[in-house]
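The following exercises ask the reader to work from the coordinates to a description of selected elements, residues and contacts. Each task is followed by a worked solution.

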Amino acid sequence: MSTLLNISGLSWKVLNKTILQDINFTVSKGEVIGIIGPNGAGKTSLLRCIINQANILASVSVSGSVHLKNRLITQFSAKEIAQHFALVMQKNDSIFALSVQDVMKMGLLPHKSLFSLDSDYDKSQIELALSKVGLSHALESLFNQLSGGEQQRVLIARALVQASQILILDEPTNHLDVYYQHQVLQLVNKLNITVIMTVHDLNLASLYCQRLLLLNKGKLICDGSPKEVLAPEQLSKIFGLPCQQNVDAITGATQVSFYLEESCMQYSAISEPLSE
Amino acid sequence: MNKVSTSLFALAILVILSALAAITFGPADIDSSQLMACLIGSCQNQIANIVIWQVRIPRVLVALVAGMGLAIAGAILQNTTRNPLADPYLFGIVSGAGLGATIANISLADNLTIALPLAAFLGALFSVIIVVFIAKVLQRMEQLLLAGVAVSFMLASITQFILYFGEPFATNRVIFWLMGSLARVEMSNFYVIASILLIAMITVFALHRQIDALLLGDESAASLGVDVDKLRLLMLGICAALTATIVAYCGGIGFVGLMIPHIVRQLIGVTTLKLIIGSALIGAIFLIWVDVIARSSLPHAEIPIGIITSALGSIFFLFIMYRSRAIT
């Protein structure tokens with residue numbers, strides 16, 4: 001697999017607080033990578049550096065480099081970055097009554113010149129992208145009236161219209177119930193493009209990502225398969241809770257369970273009489 | 001032709017018909033056949049010819065471009081700040097113009113024909129510069145609106161202070177000017193406003209996709225390659241120039257920039273191209289007819305146009321509030 005992204009020695013300090021420290025990893029074409037870690041670990045900051053948001057990498061507080069296809073990301077214009085990366089955030093809404101079609105048309109922006117109008121080809125691309133996320137019927141619907149899961153699917157479809165090579169998702173399953181969490185991540189998996197996403201839920205990350213990056217206090221602690229990264233000793237140390245690794249009987253995926261010792265004792269107190 | 005194109009085409013026809021009909025209203029009795037004869041250059045009545053070409057047409061054309069300009073400025077500001085209550089007046093533009101006009105009135109007794117609009121224009125630009133400077137110092141461009149409200153009150157208080165100690169005749173002149181009127185406009189005013197309007201529309205058409213991208217948040221727009229702060233600053237500059245020019249020639253005409261985009265969103269759509277074209281057309285129709293009311297509802301007198309737009313605007317907003325209460 002060819003290397004798309006190369007992050008090397010990336011560090012970021014703000015007012016003596018370490019946001020990221022010496023991050024090194026590469027991303028190959030077609031990989032689905034999950035960035036996991038506790039709150040404040042630097043997951044979203046890492047995503048912001050990768051896409052050089054607000055020209056963050058030009059800041060004196062940032063060192064190291066991000067190369068996209070062997071070219072420094074700082075040498076790309078904002079428009080070129082948008083042609084390579086599509087970003088789907090936790091939550092997007094608008095005070096105005098935007099239709100799904102209006103939101104989808106935004107994805108055309110990085111490929112359009114000034115004054116340009118929509119062509120028939122653009123319309124067919126929008127329809128194709130919506131059909132891929134199973135929302136062909138929603139073209140004229142109001143974006144704000146869709147469910148959280150449907151909104152995320154529209155934004156993923158917008159990313160497809162954007163025709164970028166790397167899809168960046170920042171906590172795509174936040175605000176979603178269990179059904180939509182699985183629906184959205186399953187969809188992301190089926191797209192066959194390179195995906196980098198931050199995920200809070202370790203079991204979801206394990207189920208849908210081929211590779212995980214575990215961050216803690218701005219450092220990359222572990223980079224590997226879900227089985228390697230979700231090692232109980234490592235997770236217990238980082239999350240401060242006892243942890244156990246299992247293999248899910250149905251999916252075969254590595255899963256982890258955390259428990260408080262108190263709740264464990266309470267559980268055994270309830271379950272013991274039953275077992276007798 | 002789809003529904004939106006049909007609506008916009010119908011509105012464009014309505015603008016032309018409104019402009020033609022508005023020319024027939026006024027103290028001098030001019031009917032439509034006389035109007036058509038004068039327009040094609042075969043006018044028998046020389047007085048009617050002079051009234052039409054030197055009084056009515058400049059006035060109707062200024063009402064047309066002023067209505068378009070104020071409505072477009074409101075629409076641009078609302079979409080770029082994602083705030084449906086954003087209006088050129090909230091950015092201190094009118095207060096700045098008022099301060100400029102007050103200083104010109106108090107300090108210059110003569111040559112006010114040129115000095116008054118020029119001072120108003122400089123005052124409006126001055127207020128925008130302060131607003132942008134404050135937002136830049138705070139490093140929060142999204143606080144432009146709050147900075148605008150603060151600057152607006154500050155400049156209005158300075159104006160009132162000057163007027164309180166000013167000569168009564170000059171004070172009266174400023175107060176009447178602030179109420180807004182198209183009674184003294186000339187064809188040259190139309191050319192100036194139309195030129196700025198054309199520049200504003202070309203810029204907005206060029207950048208319509210970038211402005212649309214802002215509708216789903218700054219971060220989303222930035223991820224699509226938009227330089228959010230630069231775009232917002234450019235749009236504010238355009239709106240300031242447009243509003244300042246209109247206010248300089250026509251005085252204070254409130255609520256158009258707030259009310260018209262609101263109607264267009266309900267009827268035509270929320271994205272920039274639809275909103276700008278719709279606002280320009282409905283804004284033109286609105287101000288043409290408000291000016292007709294202003295000059296024909298009282299015998300031998302005119303009602304300041306700003307009073308009518310404010311009255312209609314406030315009733316409109318009460319209606320909107322009532323309707324939204326009924327829906328919820």
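Predicted model: local features only at pLDDT ≥ 70, side-chain atom pairs only at ≥ 80, totals over all residues.

**Exercise 1.** Characterise residues 190-211 and residues 267-289 of chain B by secondary structure and by the distance between their end C-alpha atoms.

*Solution.* Step 1: residues 190-211 of chain B are 95% helix and 0% strand, and their end C-alpha atoms are 28 Å apart. Helices (H or I, at least four residues) and strands (E, at least two) are DSSP runs, numbered from the N terminus. Step 2: residues 267-289 of chain B are 83% helix and 0% strand, with 20 Å between the end C-alpha atoms. Step 3: UniProt, in an unreviewed entry, places the feature "transmembrane region" at several spans of chain B, including 190-211 and 267-289. UniProt positions are given in the numbering used here, feature names are shortened, and annotations may be inferred rather than shown by experiment.

Residues are numbered from 1 along each chain as its sequence is written, while chains are lettered from A and ligands numbered from 1 in the order in which they are written.

**Exercise 2.** Describe the side of chain B that touches chain A by its elements and by residue class.

*Solution.* Step 1: count the contacts, where two residues are in contact if their C-beta atoms, placed from the backbone, lie within 7 Å. On this basis 21 residues of chain B are in contact with 23 residues of chain A. Step 2: helix 8 (187-206), helix 9 (208-214) and helix 10 (218-223) of chain B each supply at least two residues of this side. Helix 10 of chain B gives the most, with four residues. Step 3: by class, the side of chain B that touches chain A has ten nonpolar, five polar and six charged residues. Ala, Val, Leu, Ile, Met, Phe, Trp, Tyr, Cys and Pro count as nonpolar, Asp, Glu, Lys and Arg as charged, and the others, Gly among them, as polar.

**Exercise 3.** Determine the span and the burial of helix 5 of chain A.

*Solution.* Step 1: helix 5 (residues 148-161) of chain A has 14 residues and reaches 20 Å from its first C-alpha to its last, close to the 20 Å expected at 1.5 Å a residue. The expected span is 1.5 Å times one less than the number of residues. Step 2: 13 of the 14 residues of helix 5 of chain A are buried. A residue is buried if 20 or more other C-beta atoms lie within 10 Å of its own, exposed if 12 or fewer, and partly exposed in between; C-beta atoms are placed from the backbone. Step 3: Ala163(A), which follows helix 5 of chain A, has a positive phi near 55 degrees.

**Exercise 4.** Is Asn52(A) buried or exposed, and is His300(B) buried or exposed?

*Solution.* Step 1: Asn52(A) lies in the loop between helix 1 (43-50) and strand 4 (62-68) of chain A. Although not a glycine, Asn52(A) has a positive phi of about 50 degrees. With 21 other C-beta atoms within 10 Å, Asn52(A) is buried. Step 2: His300(B) is found in the loop between helix 13 (272-296) and helix 14 (305-327) of chain B. The phi of His300(B), a residue other than glycine, is positive, near 65 degrees. With 5 other C-beta atoms within 10 Å, His300(B) is exposed.
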